[in-house]
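Colleague: I have the model open and would like to go through it with you. Can we start with how far to trust it?

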Amino acid sequence: MSSLRQFRPGLLARSGLACALALAVAGASGCTVGPLYADAGIATASLSPAPAGLAKSVSVKPSRTRVGLEVRNHLIFLLYGGAGLPSQADYSVDLGVTSATSSVAIIQLTKDSEPTSSVVTMTSLYTITDNKTGAAVARGKRAVSSSYDIPRQEYAALRAERNAQDRSARELAELLRHAIAQDIKRLSGT
């Protein structure tokens with residue numbers, strides 16, 4: 001009961017005013033997350049689908065590996081913006097994706113001196129085939145590397161490697177999208 005006797009009405013009014021002001025500022029800010037100084041056109045350009053001519057003229061063949069499937073899924077999203085594959089494409093792309101992990105440094109000294117940092121290198125050999133003739137009309141190779149730290153816990157180390165593979169897959173899909181667009185543009189003569 002002694003705490004109720006020391007209650008001051010002015011303190012309650014000031015703290016209520018501070019809470020109301022904080023809520024007003026939070027509501028006015030819009031609660032959005034993004035780069036502070038980014039141009040809106042640049043920030044959304046990487047998520048825009050490929051030009052209409054490219055998206056309609058290319059299909060991507062299925063892959064047999066997990067990393068190949070990751071690259072293929074990201075590439076399809078980049079090419080078609082979430083829509084399905086075209087039913088009648090002029091060209092098809094066959095991706096051969098491989099992933100290799102190599103240890104690069106020992107940063108933490110342990111009794112076993114195990115590596116604590118690694119790099120995942122993901123490489124894709126792609127072939128563009130003309131669906132009318134069945135002939136390979138373009139080939140290329142792209143590679144991406146992603147580094148990651150290896151924690152001491154086994155599951156965390158496996159998860160870190162998988163996250164590095166997923167990052168590499170997204171970046172490799174971006175490179176492949178541009179390479180395929182250049183090849184198709186060259187083939188179509190536009």
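**Confidence and layout**

Modeller: The chain averages a pLDDT of 77, and 64% of the residues score at least 70; pLDDT is the predictor's confidence in each residue, from 0 to 100. Over residues 36-50 the pLDDT is below 50, and that stretch has 13 contacts in the model beyond near neighbours in sequence. Contact here means heavy atoms within 4.5 Å.

Colleague: What are the ground rules for the numbers?

Modeller: This is a predicted model, where local features need pLDDT of at least 70, side-chain atom pairs count only at pLDDT 80 or more, and totals for chains, interfaces and linings use all residues. Residues are numbered from 1 along each chain as its sequence is written, and side-chain values use heavy atoms, with hydrogens and water left out.

Colleague: How many helices and strands are there in the chain?

Modeller: The chain has six helices and four strands, in the order α-α-α-α-β-α-β-β-β-α along the sequence. Both kinds are DSSP runs numbered from the N terminus, helices being H or I with at least four residues and strands E with at least two.

Colleague: And what share of the chain counts as buried?

Modeller: Of its 190 residues, 29% are buried. Buried means under 20% relative accessible area, exposed over 50%, and partly exposed in between (1.4 Å probe, protein chains only). Among contacts with a separation of 6 or more, 66% are between residues 24 or more positions apart.

Colleague: Switching to helix 5. Which residues are buried there?

Modeller: Val67, Gly68, Val71, Arg72, Leu75, Ile76, Leu78, Leu79 and Tyr80 are the buried ones in helix 5. Seen down the helix axis, they fall within an arc of 165°, so they line one face of helix 5. The arc is that of the directions from the helix axis to the C-beta atoms.

Colleague: What should helix 5 span at 1.5 Å a residue?

Modeller: Its 15 residues (66-80) should span 21 Å, and the end C-alpha atoms are 21 Å apart, which agrees. The expected span is 1.5 Å times one less than the number of residues. After helix 5 comes Gly81, with a positive phi near 65°.

Colleague: Now the sheet. How do strand 3 and strand 4 pair?

Modeller: Strand 3 (residues 117-130) and strand 4 (residues 136-149) are antiparallel, over 13 bridges. Two strands pair if DSSP finds at least two bridges between them. Thr127 is opposite Arg139 in strand 4. Five residues sit between the strands of this hairpin, where Gly134 has a positive phi near 80°.

Colleague: What does Thr129 touch?

Modeller: Thr129, in strand 3, touches Asp90, Tyr91, Ser92, Gly134, Ala135, Ala136 and Val137, not counting residues up to four places away in sequence. Thr129 is buried because its relative accessible area is 14%.

Colleague: Met122 next, is that buried or exposed?

Modeller: Met122 is in strand 3 and counts as buried, at 0% relative accessibility. Leaving aside neighbours within four places in sequence, its contacts include Val67 and Val71, as well as Gln165, Ser168, Ala169 and Leu172. Met122 and Ala169 are 47 residues apart in sequence, yet 7.3 Å apart in space, C-alpha to C-alpha.

Colleague: Where does Gln165 lie?

Modeller: Gln165 lies in helix 6 (residues 154-188) and is buried, with a relative accessible area of 12%.
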